[in-house]
Amino acid sequence: MAIQIDAAINPGNSGGPAIMGNKVAGVAFQNLSGAENIGYIIPVPVIKHFIAGVEDRGKYYGDGDEDEYRDPLVREVCRLIELRTAWTPKFEGELRHLLRSLKPKQVCAVLKSQADERVALEVFYWADRQWRYKHDPIVYYAMLEVLSKTKLCQGARRILRLMVRRRIELRSEAFGHVMVSYSRAGKLRHALRVLTLMQKAGLELDLSMCNTAIYVLVKGNKLEKALRTLERMKLVGIAPNVVTYNCLIKGYCDLHRVEDAIQVIDEMPMKGCAPDKVSYYTVMNFLCNEKRVKEVRDLMEKMIKDGGLLPDQVTYSNLVHVLCKHGYGDEALEFLREAEERGFRFDKVGYSAIVHSFCKDGRIDMAKEIVSEMFLKGCTPDVVTYTAVLNGYCRLGKVDQAKKMLQHMYKHGCKPNTVSYTALINGLCRGGNSLEAREMMNMSEEEWWTPNAITYSVLMHGFRREGKLVEACDIVKQMIKKGLFPTPVEINLLIQSLCQEGKMDEAKHFMEECFNKGCAVNVVNFTTVIHGYCQRDDLEAALSLLDDMYLSNKHPDAVTYTAVINALGKKGRIQEATELMMKMLGKGIDPTPVTYRTIIHWYCKMSRVDDLLKLLEKMFLRQRCKTTYNQVIEKLCSFGKFEVADKLLGKVLRTASRVDAKTCHVVMDGYLRKGIPLLAYKVACRMFNRNLIPDLKLCQKVTKRLMLEGNSKEADNLMLRFVERGCISNQHQEHLES
C-alpha cells in the first residue's frame, strides 16, 4: 500500500521522511517513471505495522505471515514447546490437540519462530508421528528453509528423503535449501552431489539452482569451479542474472582479486545484465577493509557515471559503518560530511559508530567533538554513544574521567545500562581497583541495572590478576547463584592460578562445586587439576581424580594421560605408566608427539629399551610418529648408552632423511666424546651406504682422532668417500692428510 503525492522523488531520496506541516506523513518510496512530480510514499500505519512486527518477532515476515505469527493458537503452541523439558502427558495431549487445529501456514509459523533450529526439527518429527495429522507440503519446504540457515545438513537431507518417499512434489527450491545447509557445514562435495539427486528426481536445472551452486562454490573458495559452472549455464541456455554475477564478484573479493571483480562489473552491461548497487557495495566493502579509500571514491563515481546509480542514504551508511568497523574513523567522517552536503541526514547510529571508532584508537577528544556536534544538529546521543566514550577513557586508564562521563549521562537524562557499568568496572579492574569495582557491582540494585555474565567475568579476572583468588572464587559462586554460568575457559584460568600457588585442594573443591552447580566443566579443567597434583608429586590424588573423571562422564584425553604417565615415570613407577598407556590405547585415544617423548624419555633413562620397542609397536597401531626411533636413539645417547643406540640405527637408516642424518651425527659425536672414533667411522660408512652425506666438519674430527690412534687406512677411506661424492677436491684431501 502506498500514497501518491505530487512532489518529485529524486534518486537518493528513497528512505527519507515525507513531511506535511510539522509531522511525518510517511517515507519516500519511489517515483512514476515518465511523469513529472509524481511520487509515492509508504504511509505511517504500514511503517508502524512493520516496526511492531520486528519488535515482536525480531524480524519481519510480511503482512500475510505476520498474521500467522500473531495468531493466539500459534503463540500457545510456541509457549508449550518452550516448556518441553517439563512436559507431562497432560501437556503433550494439549499440544497434540492444538496441532490438529493448526492450519499449514500456522505450522510453518511455529517452526520458523523457534530460536533453536534443532528444537524446530524435533517439533517437526514429533508432529509427523501424531495420529490423524499429516504435514502439508508447504511445511516440508518451511522446515528446509529453516535448516538452510544452519549446519544441520543431515536433518535437511533426511527431510528431502521423506519428501521423495512420500511422493511430495519436488521443486528446485527444496534441493537448493539442502545444498546451502551442506555448504554451511563445510561439506562442499555433498552440496554439489545434490545437483545429481535433483536430476535423478527428473527436475531440470534452472537459474535459481545454478545461482545456488555458484554461491556454494564461492563460499567454499572454489572460484574456478564457479566460473566453469557459469560457462555450463550458458551452454545449456540458462542466462545468468545480476545475482549470478554478484556471487562471482564476492568470490573475487574474497580472494583479494579486486581488479577482476571490477572487470566483471565493467563487462556486465555488454552481457545484457546491468550491475546493481549490491555489485558495487561488495567491492566497496573490500576496499574499505583494505583502507583503499581513494579507490572507493573512484568506484562511487564509476557507479554514478557508468551504472547510472546515485549513492543514497544506504550507500553512505554502509560505507561509514564498514570503515568504522575496521578502525578508519577519519575516512568514515569524510563520507558522513559528504553525505550531509548532499542532503542526507545521519542518525545517532551512524554518529555513534564514528565515536566508537575514535575511542578505540584512543582519540577521545575527537570523539567528544563528534558528540558535541550531535547536540548542535539535534541528534541526541544515546547510551551507546556515551558508553563508547566511557569505555574509551577506561582503555586509556582515565577511570576518573570515565566516572564523570557516567554522571554526565545521568545529567542529560541518559540512563547508563549494564554495558556502561561493565565498561567502568573493567577499567577499575585493569587499574588494580577490583575491590572498588565489586562495591560498584554490589550497588547495582540501587542504581537500577543488572550485572550480566560478562560483568561477573570481568570482576573475576580482575581479582585473579591481583592474586586475590579467594575473592575471585566468591565472585564465581555469586555468579552461579544468580543463574549465570562461567565458561570452561574462565573456570580453567582460575584453576590454573590456584594450582600455581600450590592450592591444589582448593582448586579441586572449586571445580567440583562448579560442576555440581551445573557449570560446563570439561576435560581441560580436570586435566589442569591433575597436572597440578602431578607437579606437586601427589600421584595418589591425581590418580583418584582420573578415576573421578569417568564417574563424572568426562573422558580423559591424550593430554590427561600424558601428564599422569610423566608423573609415574618421574617416580620410577614405569610398570604403572605402561599399564596406563595400554589403557589409553584401549580407549581408542591416539598418542600425541608429547606422549611419545614422555614414554621414550623414561624408558630410555631406565634402560628398558626392549620393553620400549614393544610398547612403541602397539602405539604405532593407533598413531604413527615418523621420528620415533630418532628420538629413542638421541635420548639413549644423551644418557650415554651409545651401544644400544647403535643397534637401532638400522631402523632409522631405512628412510635416509635429513632427520636420520642428524640422528647419526648425534651417535657419531657421542662416540667421539667417549673416545671411540672407530665406531664413529663405522656409523659414517653406514650413512654413505644409504646415500646420506655425513657432516664434513664432524668427519674431519673423526679422521684426526683415527690418525692419532694409528687407523690411517680408515681415515683415508673416510675422506676418499667425500672425494667420490664430489664434496671435497683431491687437493683439499691432500691438505687434510698433511
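**Close-up views of a predicted model**

**View 1. Helix H25 and the glycine that comes after it.** In this predicted model, helix H25 is followed by Gly467, a residue whose phi is positive, near 80 degrees.

**View 2. The buried residues of H25 and the helices around them.** Within H25, the buried residues are Thr455, Tyr456, Ser457, Val458, Leu459, Met460, His461, Gly462 and Phe463.

View 3. Thr528 belongs to helix H29, which comprises residues 523-535. Its relative accessibility is 13%, and because buried means under 20% relative accessible area, Thr528 counts as buried. When neighbours within four places in sequence are left aside, the residues in contact with Thr528 are Asn492, Ile495, Gln496 and Cys499.

**View 4. The salt bridge between Lys112 and Glu145.** Side chains of opposite charge can pair when their charged atoms come close. Here the side chains of Lys112 and Glu145 form a salt bridge, with a distance of 3.4 Å from N to O. Lys112 lies in helix H5 (residues 104-112) and Glu145 in helix H7, so this pair ties together parts of the protein that are 33 residues apart in sequence. Lys112 has a relative accessible area of 22% and is partly exposed, while Glu145, at 27% relative accessibility, also counts as partly exposed.

**View 5. The salt bridge between Arg292 and Glu259.** In the salt bridge that Arg292 forms with Glu259, the closest N and O atoms are 3.7 Å apart. This pair links distant parts of the chain, 33 residues apart, with Arg292 in the loop between helix H15 (277-289) and helix H16 (293-305) and Glu259 in helix H14 (residues 258-267). Arg292 is partly exposed, with a relative accessible area of 23%, whereas Glu259 counts as exposed at 52% relative accessibility.

View 6. The side chains of Arg171 and Glu173 meet in a salt bridge at 3.1 Å, N to O. Arg171 counts as partly exposed at 38% relative accessibility, and Glu173, with a relative accessible area of 33%, is partly exposed as well. Elsewhere, salt bridges link Arg297, Glu334, Glu338 and Arg342 in a network. The structure as a whole holds 33 salt bridges.

**View 7. Confidence along the predicted chain.** The average pLDDT of the protein is 84, and 90% of the residues score at least 70. Confidence is highest in helix H7 (residues 137-147), at a mean of 93, and lowest in helix H42 (residues 730-737), where the mean is 49. Over residues 32-37 the pLDDT stays under 50, and for this stretch the model has six contacts beyond four places in sequence.

Definitions and conventions
Residues numbered from 1 in each chain as written. Heavy atoms only, no water. Helix = DSSP H or I, 4+ residues; strand = E, 2+ residues; numbered from the N terminus. Buried < 20%, exposed > 50% of the residue type's maximum accessible area, 1.4 Å probe, protein only. Contact = heavy atoms within 4.5 Å. pLDDT = per-residue confidence, 0-100. Salt bridge = Lys/Arg side-chain N within 4 Å of Asp/Glu carboxyl O.
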